[in-house]
Amino acid sequence: MDTLQLKLFISLSQTLNFTKTANEFYVTQPTVSNYIKALESNLGVTLLKRNSHSVSLTPEGKEFVSYAKQLLSLQAEAENRLRNISEGRRGYIKVAMLSSAAGYFTVCLEEFLKRYPGVQVNVDLLEGAEMTAALGQNNYDIYFAHQHMVPENEIVEYRSLGSNHLHLFINKAFLDSIDMNNWSSLAKYHFVSTPAQDFTLSGQINKICANRGIVPDIINYYNRADMAVLAINSGVGISILPPHLKYFYNCPNVVTLPIDGDDAKITMVVAWQRNTGNPDVQRFLSLNSLSENIYFNLYE
């Protein structure tokens with residue numbers, strides 16, 4: 001199978017229309033059909049059901065979509081890495097980062113690349129549940145995560161970057177009607193939230209609200225924390241989030257209020273594989289920007 005076969009198949013799995021896929025790739029419809037037939041022949045299965053009125057995926061086709069995406073992603077990653085090596089960037093670090101650490105990470109990256117310009121740094125932005133899974137599977141060299149996400153094992157080591165408290169994120173139009181000493185004043189507002197699968201954060205939020213005598217009326221769950229901030233900026237609702245998410249986008253209508261109490265405390269850490277053989281990981285961990293509490297003082 002070749003790259004174009006995979007790309008055309010992935011497109012067809014989304015459009016379910018040979019003409020639309022042909023237009024996307026500036027080829028003819030018969031060309032798309034011939035490539036898909038060749039792919040099916042190579043695999044020995046039928047991927048698509050076709051008739052004069054519709055196109056649909058077979059069970060084999062549905063199963064193959066994720067593999068096709070992984071194959072293309074792996075090929076692109078390999079080509080990118082080889083190109084970087086040929087251009088002199090022989091070092092390599094793969095970083096996973098929460099969106100709440102984005103602004104801080106740019107400070108670290110700037111310092112690192114000034115010291116070690118020949119190292120390629122790849123970064124993936126993950127949400128809470130994704131980060132917890134990545135830490136458990138050791139998918140990355142370095143992680144910018146919350147302490148509660150780090151598994152208790154002998155594989156992953158971490159260092160604290162400082163502690164702070166979750167904040168109440170609200171639209172500034174709501175500010176005069178909210179009393180942080182009387183959470184019943186929040187009861188009339190809808191909440192928006194990060195994914196329910198982020199069990200630790202969602203559990204902490206529920207505990208915060210329960211300890212203050214309210215049950216949050218969550219009307220929307222967003223697959224990304226920064227999307228919740230955008231919703232708050234538009235007046236959709238309020239939320240409880242890590243404070244530095246305020247700086248992820250320019251959201252002039254968003255106001256954040258710190259939540260007192262140990263139940264609202266969060267600790268940001270940098271984590272890494274304890275027995276890593278990558279010397280660039282240790283170079284990254286020696287950055288001045290990774291000193292205790294610089295993270296939480298960055299925007300003050």
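**Entry 1: strand S3 and its partners.** I looked up the pairing of strand S3 with strand S4 (residues 119–126) and found 8 bridges between the two, which run parallel. Strands here are DSSP runs of E with at least two residues, helices are runs of H or I with at least four, and both are numbered from the N terminus. Two strands count as paired if DSSP finds at least two bridges between them. Within this pairing, Lys94 stands opposite Asn122 in S4.

I then turned to strand S5 (residues 142–146), which pairs with S3 in the parallel sense over 3 bridges. Here Val95 stands opposite Ile142 in S5.

**Entry 2: source.** I note that the model is predicted, that local features need pLDDT of at least 70 and side-chain atom pairs pLDDT 80 or more, and that totals for chains, interfaces and linings use all residues. Residues are numbered from 1 along each chain as its sequence is written, and side-chain values use heavy atoms, without hydrogens and water.

Entry 3: I traced S3, helix H5 (residues 102–115) and S4 as a right-handed β-α-β unit; right-handed means that, with the strands pointing away from the viewer, the path from the first strand over the helix to the second runs clockwise. Is S3 (residues 91–98) mostly covered or uncovered? I found 7 of its 8 residues buried, that is, under 20% relative accessible area with a 1.4 Å probe, counting protein chains only.

**Entry 4: the whole chain.** I recorded 10 helices and 12 strands in the chain. Buried residues make up 44% of its 300 residues. The C-alpha atoms fill a box of roughly 70 × 50 × 35 Å, taken along the principal axes.

Note on methods
Buried means under 20% relative accessible area, exposed over 50%, partly exposed in between (1.4 Å probe, protein chains only).
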